[in-house]
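Me: I've got a model open and would like to learn how to read its contacts. Can you walk me through them?

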2 protein chains.
Amino acid sequence: MTAAATEGQAREHVTPDTVHIRAPKLVGDEPATLIPVTETTPPESRSDKKERTRRAILDAALTLTEDTGLAGLSLRQVAKEVGIVPTAFYRHFDSIDQLGLALVEESFGALRAMIRDTRQGSPSLGQIVDRSVDVLAEHVRDQRAHFGFIAREKSGGSAPVRDAVRREFAYFERELATDLARLPMEHWSADDLRILSNLIVGSMIATSEEILRADPRDLPDIKHRARTQLLMVIVGALNWKSSAPS
Amino acid sequence: MTAAATEGQAREHVTPDTVHIRAPKLVGDEPATLIPVTETTPPESRSDKKERTRRAILDAALTLTEDTGLAGLSLRQVAKEVGIVPTAFYRHFDSIDQLGLALVEESFGALRAMIRDTRQGSPSLGQIVDRSVDVLAEHVRDQRAHFGFIAREKSGGSAPVRDAVRREFAYFERELATDLARLPMEHWSADDLRILSNLIVGSMIATSEEILRADPRDLPDIKHRARTQLLMVIVGALNWKSSAPS
DNA sequence: CCTTTCAGTGAACGTGCGTACACTGAAACT
DNA sequence: AGTTTCAGTGTACGCACGTTCACTGAAAGG
């Protein structure tokens with residue numbers, strides 16, 4: 001044991017190369033070949049390595065906040081999880097709040113990807129509803145951590161992060177309103193479209209939160225409920241002008 | 001100054017009698033009469049005093065969580081705000097989580113009071129909607145702190161508190177479903193009533209959160225939106241069975 | 001009147017926190 | 001080859017935290 005330490009200076013502390021990577025999980029993990037991995041992959045530039053650590057920090061934060069929320073996340077926890085010394089955190093983010101804002105951006109990236117999926121093909125109303133709910137459920141499953149983060153920080157402790165989440169949702173809602181305008185809704189005002197959009201987004205958020213915390217076995221029930229609710233809302237919107245005399 | 005301290009032993013540290021009371025704000029604060037207040041109100045039993053401190057703790061917690069959430073609330077902060085020494089906290093609650101659960105109970109007490117208000121008189125559908133939104137807005141204004149607490153901790157950091165909030169909402173939703181059953185909704189299944197109830201409660205929660213964070217000047221807009229949405233939902237529900245063949 | 005109860009005190013502890021500072025060593029640049 | 005850049009290191013600091021323990025003194029109760 002002690003003899004082995006004579007050559008190569010076995011360092012106890014972690015180096016940039018020992019950074020824990022969580023996301024990609026490379027394939028091809030056959031039994032180790034002749035050549036050590038560290039020599040098979042030499043071309044990693046300094047900025048590549050930095051980006052890798054940044055990702056590791058974001059992933060660690062995403063995982064750690066799952067229990068405590070961003071408010072209960074400490075710089076030191078993140079650093080330990082990533083495998084760097086606490087002060088090194090500052091090379092990537094000015095503060096936990098900055099980290100939070102980056103996570104908001106990233107999480108809404110996932111959300112936008114979902115929307116893109118939903119927009120592909122737009123048949124009958126009923127089919128739009130079915131497809132929307134399916135896509136939502138699927139994305140919540142695949143992006144659990146991101147959706148959970150958004151749901152938590154929407155009313156969370158950090159004002160800047162909270163506001164950022166809300167701004168994104170408002171933007172999102174406006175986008176849906178313009179989408180709705182393309183449907184055959186006879187001469188709706190922009191205001192009314194926004195109101196409808198707000199209702200739908202709210203219902204979608206509630207559904208996401210429910211999926212997040214529910215037992216996966218209950219997912220069909222939740223999807224059924226979401227579909228029904230969406231349908232109720234749409235039917236209501238279509239009949240609203242005529243049947244509701246103020 | 002120093003002379004005055006000779007008799008009566010002017011104590012620097014706070015005693016139970018200096019506990020900061022926030023809630024009741026007694027009336028009748030005429031200029032001090034001949035007799036010191038401490039002698040005009042001698043009959044305060046030990047348990048009364050304890051209850052008073054307990055209230056002060058709850059109120060202080062309610063105020064302090066407004067910035068940071070329950071997760072960011074420390075026993076020492078609360079104690080300082082109340083005017084007791086940190087360890088005295090344990091005379092009233094086992095932990096911050098227990099405090100949180102007490103606040104959940106109290107907050108939903110306020111919510112139930114609101115429901116009671118809403119139920120008084122049940123005229124036409126349109127009037128029910130108007131009245132419901134008015135009562136909601138009014139109660140959110142009057143019970144800002146409690147509603148804010150619920151909204152925050154619904155997805156907050158402490159699992160027991162979070163679960164308690166959700167349980168209360170589920171209960172609440174079930175209650176609304178039985179209320180809805182009394183309306184003339186032709187042979188709806190219990191399941192469908194629950195789905196509708198879930199949708200309405202969700203929309204109400206969203207509205208509350210919006211009122212909480214919005215400028216008071218925007219309240220009319222928000223109320224208009226809430227009314228419209230509620231109406232859309234109800235109209236949709238009424239027309240749903242017939243016009244949505246899946 | 002004497003005893004018990006108990007809300008509140010005050011000192012002390014160990015821990016984890018954010019942040020400052022000076023540093024190292026390899027990659028990047030000239 | 002020589003210099004600069006900079007991600008990550010390691011120490012050290014002061015602070016706020018939760019919790020422990022022995023205590024005090026007035027109200028409650030026999």
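Me: Which residue forms a salt bridge with A:Glu106?

Reply: A salt bridge here is a side-chain nitrogen of Lys or Arg within 4 Å of a carboxyl oxygen of Asp or Glu. A:Glu106 pairs with A:Arg55, with the closest N and O atoms 3.0 Å apart. A:Glu106 sits in helix α4 (residues 96–119) of chain A and A:Arg55 in helix α2 (residues 46–68) of chain A, so the pair ties together parts 51 residues apart in sequence. Helices (H or I, at least four residues) are DSSP runs, numbered from the N terminus, as are strands (E, at least two). Bear in mind that this is a predicted model: local features need pLDDT of at least 70, side-chain atom pairs count only at pLDDT 80 or more, and totals for chains, interfaces and linings use all residues. Residues are numbered from 1 along each chain as its sequence is written, chains are lettered from A and ligands numbered from 1 in the order in which they are written, and side-chain values use heavy atoms, leaving out hydrogens and water.

Me: How many salt bridges are there over all chains?

Reply: The search of the whole structure finds 24. Two salt bridges cross the interface of chain B and chain A. In one of them, B:Glu209 meets A:Lys154 at 3.5 Å, N to O.

Me: Which elements of chain B give two or more residues to the side that touches chain A?

Reply: They are α2 (46–68), α6 (144–153), α7 (159–182), α8 (190–213) and α9 (219–243) of chain B. α9(B) gives the most, with 13 residues.

Me: How much area do chain B and chain A bury between them?

Reply: Buried area is the accessible area (1.4 Å probe) that two parts lose on being put together, summed over both. Here that's about 2900 Å², 63% of it on carbon and sulfur atoms. In chain B, the residues losing the most area to chain A are B:Ile195, B:Leu199 and B:Met232, together 22% of what that side buries. Counting contacts instead (heavy atoms within 4.5 Å), you get 34 residues from chain B and 34 residues from chain A.

Me: What follows α4(B)?

Reply: B:Gly121 does, with a positive phi near 75°.
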